[in-house]
Amino acid sequence: MKPKERSQCGSVDEASSFASVTNSDAGGAPLLRLANIRKSFPGVHALRNASLDIHAGEVHVILGQNGAGKSSLIKVLCGAYIADGGDIEFGGKKVSVRGPADASALGVAVIFQEFSLAPYLDIAQNIFLGREQGFMRLGLVDKAAMRRAARDILRQLGLDYDPATFAADLGVAQQQMVEIAKALSQNARILVMDEPTAAISEREADRLFEVIERLKRQGVAIVYISHRMKEVQALGDRITVMRDGAVVDSFQRGQVSAEEMVRAMIGRSLDSLSRREPRPAGAVVLAARHLRTAKLADISLEVRAGEVVGLAGLVGSGRTEVVRAIFGADPLTAGDLEFDGAPLAARPDRSARKGMALLPEDRKREGLALPLAVRDNATAASMWRLFRRGWFSPATAERVCADLIGRLKVATPGSAQLVRHLSGGNQQKIVLGKWLAAGSRLFMLDEPTRGVDVAAKAEIYRLIDELVRDGAAVLMISSELPELLHLCDRAYVMRDYRIVGHLDRDNLSERAILDLAVHHV
Amino acid sequence: MSDQTLPGSPVTVGGYLARVPGVAFILLAMVVAFQIGNPRFLSITNLSNVGLQASLLLMLALPMTLVILTSGLDLSVGALIGLAAVIIATLLVAGWSIFSALAAAVALGLVVGLLNGFMISYLALPAFVVTLGTMGLCEGLALALTNGEPIGGFTPALEAFYRAAVFGIPVPVLVAAAFYGLLYLVLYRTRFGIYIFAVGGNKDAVHLAGIRANLVHMAVYVVCSVSVALSAVLLLGRTNSAHPTVAVGMEFEAIAAVVLGGTSFEKGQGWLFGTVLGVLAITVLRNGLNVLSVEPSLQVVCVGVLLIAALLIDRNRKRPVARITE
């Protein structure tokens, strides 16, 4: 999602003094009210019935699992989505938000996880980008005046940055602060922060919380999205829990325990998919011991032949990084890998030859060559098998491909069809097929059912079952807990780039996974 | 607050040196070496010669800096200055006044700049391919207009202008210096300049800040082409004839000078004065090799070596950053 459009309003004088919404009594009328917002896309109800009251001078935390509708609600709030139904009221009056400019005019600003700073402009130039007209003197930009104004804004946030510093020289946390300053210079009255502590250290987070406190005192309303229970409880004046596109509960500060919040996030039992019969596990295929990379800390895990092992955790907890590190796509800084009992130096070419398969999260970019034919993609990981006396053998390629199409029931007019014309489910089958053709015995599946329809999902589940029945080992990442429960024999749970728990078959439940995956006090 | 490394903390002497691009050291070393090799190197006559040679390259490399700051490239400058020279010479021979001929050159620059800029900015075509195309276009046109023959016999005023000096400083050097001053103001003191850095760094953000990012992006190519076309005056003054392909290949030196000066093809990182250093390094190298009577073809080899050497020096010498780590 792109940063919202920023309007060109806001003169210097306004910029250097925040919008002062003095009326910040929590019990009073809300500054902004979203009522019964609905939004659907073909086949998906992103928001069913979401309501949110935002009060000046309050931190309103939105809590929910992946896919609960938090992002969609924010997109409606900042004008990136136009709601199908429901009302938005500002200061008690109904308003219509038909685009980012409308939201800007209401004083809504969003700090996304991806920042919008130009690296080789300084802090002041970034804050006032597009609004330099307040600093013109004799047709030239008065740098000193712009820096003074920037310094004033930063000071009001309690920050002593030099406004002449390039954005490129700032750390992530500092860039975030500049984004906040930029929003405030545009008279933001409602500041939305999407998981602001995801990429910063604990100390930096404390600094952020101080700034949030300051903003509250100045009457700014904060909408704060986070998975971290500790923050939620420390910051939230009001906590709204979302699930399946609807707001299910809303609490005042101190009304609830972390326990209750987690319960509200899970809600009804989603165990509509059956659990499978226990499978007998064979020999250890993959053993990883104390792996470290630039991001990961001390990852140890084992996968045996004939079992499906889940890698659970919230988005951004490091799951993808684990499978990439094992495959050799990201360099290891420490740790040992054993494959079939023999040490393995992780490097993609060797991993593939030895029988490791990686189904990447981003199928279209990393899993397939979209402009190429089914045949070329299906044989991409087993090219070395297609040479006869040193020459490429099209007939062998054709045979391998035809076998796969039959076995995986790929719906394609033929092996020459371009992969980009296939549906998501069939594309995913091709990615799986390319590793089957290579004779892989360890399948690392990163969100294998993302973006495929229900029928294709069932088909992929069946294929995974077949794989393990034939003695393959599967390590699987999924953000859909019911899917993990349905498929996995056991699971590792990740948080903050570490494995924080292991759940065997008897202990594997949605509740247990979330307990480990979210941040507790 | 005190426990954090603040951005913009005082820069130490060592830290300051680390920010100087490798080319500055190479330039210094070359000056010393050439002076030892030939004591006439630092004579007034030779220095004014270096200045004359550098001035034309500066006229191409300075606007090229703007283009490269937007993560772009303009390969057409060498062919364009040749075509502009041919057109100006043809018109002068045909009896036009100097000012009308210059107006025609400006018009040519506008057309080429708009063509380049529109395709690169609005149509999002790769700058390399677009300007490779206009390069061929300009070179072909220049050859067609002249049948490959040089045009001479126009007013001697241009050569007189090129050879003139004020207080001992050659006029072309003054022209290049004035152009540097102008571009410095534009780049660092106008909104357009700020937006150039921003377009190179994060074009989406510029667009979302309510700025017409595509227009800014296109304008950079127009500025480049127009100033290059006008610089044909210096080229004509130097050679006193318009040879259609005399300047082909100058784009190589112009781009090399910008890159030598520490401007990056990414993120809008770079500085204008670095380009001056880059131009001086290339010119001093060529001049010194001339004084030492090294063959011209070998000189080109040396420029290539210089470029690669500077890149290697700067590779591990990123500007120091005050990043906060956990």
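Let's start in chain B, with helix α3, residues 44–69, and helix α8, residues 171–189, which pack at an angle of about 20° with their axes 8 Å apart. That angle makes α3(B) roughly parallel to α8(B), since angles under 35 degrees count as roughly parallel. The crossing of the two is left-handed. Bear in mind that this is a predicted model.

Which residues of α3(B) make the contact? They are B:Gly51, B:Leu52, B:Ser55, B:Leu56, B:Leu58, B:Met59, B:Leu62 and B:Leu66. From α8(B), the contact is made by B:Pro172, B:Val173, B:Val175, B:Ala176, B:Phe179, B:Tyr180, B:Leu183 and B:Leu187. Sorted by class, the residues of this contact are 14 nonpolar, 2 polar and no charged.

Helix α4, residues 77–93, packs with helix α10, residues 213–239, at an angle of about 55°, and here the axes are 8 Å apart. That makes α4(B) oblique to α10(B). The crossing of α4(B) past α10(B) is right-handed. On the α4(B) side, the contacting residues include B:Val77, B:Leu80, B:Ile81 and B:Ala84. On the α10(B) side, among them are B:Cys224, B:Ser225, B:Val228 and B:Leu235. By class, this contact has 13 nonpolar, 2 polar and no charged residues.

Stepping back to chain B as a whole, there are 13 helices and 2 strands. Its C-alpha atoms fill a box of roughly 75 × 55 × 35 Å along the principal axes. A compact globule of 326 residues would have a radius of gyration near 20 Å, and chain B has 21 Å, which agrees. Buried residues account for 46% of the 326 residues. As for contacts between residues at least 6 apart in sequence, 79% join residues at least 24 apart.

The buried ones are A:Lys70, A:Ser72, A:Leu73, A:Ile74, A:Lys75, A:Val76 and A:Leu77. After α2(A) comes A:Gly79, with a positive phi near 85°.

A:Lys70 comes up again as a contact of A:Ile225. A:Ile225 is in strand β10, residues 221–225, of chain A. Buried or exposed, with 22 C-beta neighbours inside 10 Å? A:Ile225 counts as buried, because the cut-off is 20 or more. Leaving aside neighbours within four places in sequence, A:Ile225 also contacts A:Ile62, A:Met193, A:Asp194 and A:Glu195. A:Ile225 and A:Val61 are 164 residues apart in sequence, but their C-alpha atoms are 5.7 Å apart in space.

Last, two backbone angles in chain A. Most residues other than glycine have a negative phi. A:His290 is not a glycine, yet its phi is positive, about 55°. A:His290 sits in strand β13, residues 284–292, and is exposed, with 12 other C-beta atoms within 10 Å. A:Asp298 also has a positive phi, near 50°, in a residue other than glycine. Where is A:Asp298? A:Asp298 lies in the loop between β13 and β14, the latter being residues 299–304. With 13 C-beta neighbours inside 10 Å, A:Asp298 counts as partly exposed.

Technical notes
Residues numbered from 1 in each chain as written. Chains lettered and ligands numbered in written order. Predicted model: local features only at pLDDT ≥ 70, side-chain atom pairs only at ≥ 80, totals over all residues. Axes fitted to C-alpha atoms, helices over the stretch in contact; angles between N-to-C directions. Helix = DSSP H or I, 4+ residues; strand = E, 2+ residues; numbered from the N terminus. Parallel < 35°, antiparallel > 145°, perpendicular 65-115°, else oblique. Left-handed = near helix turned anticlockwise from the far one by under 90°. Contact = placed C-beta atoms within 7 Å. Nonpolar A, V, L, I, M, F, W, Y, C, P; charged D, E, K, R; others polar. Rg over C-alpha atoms; globule rule 2.2 N^0.38 Å.
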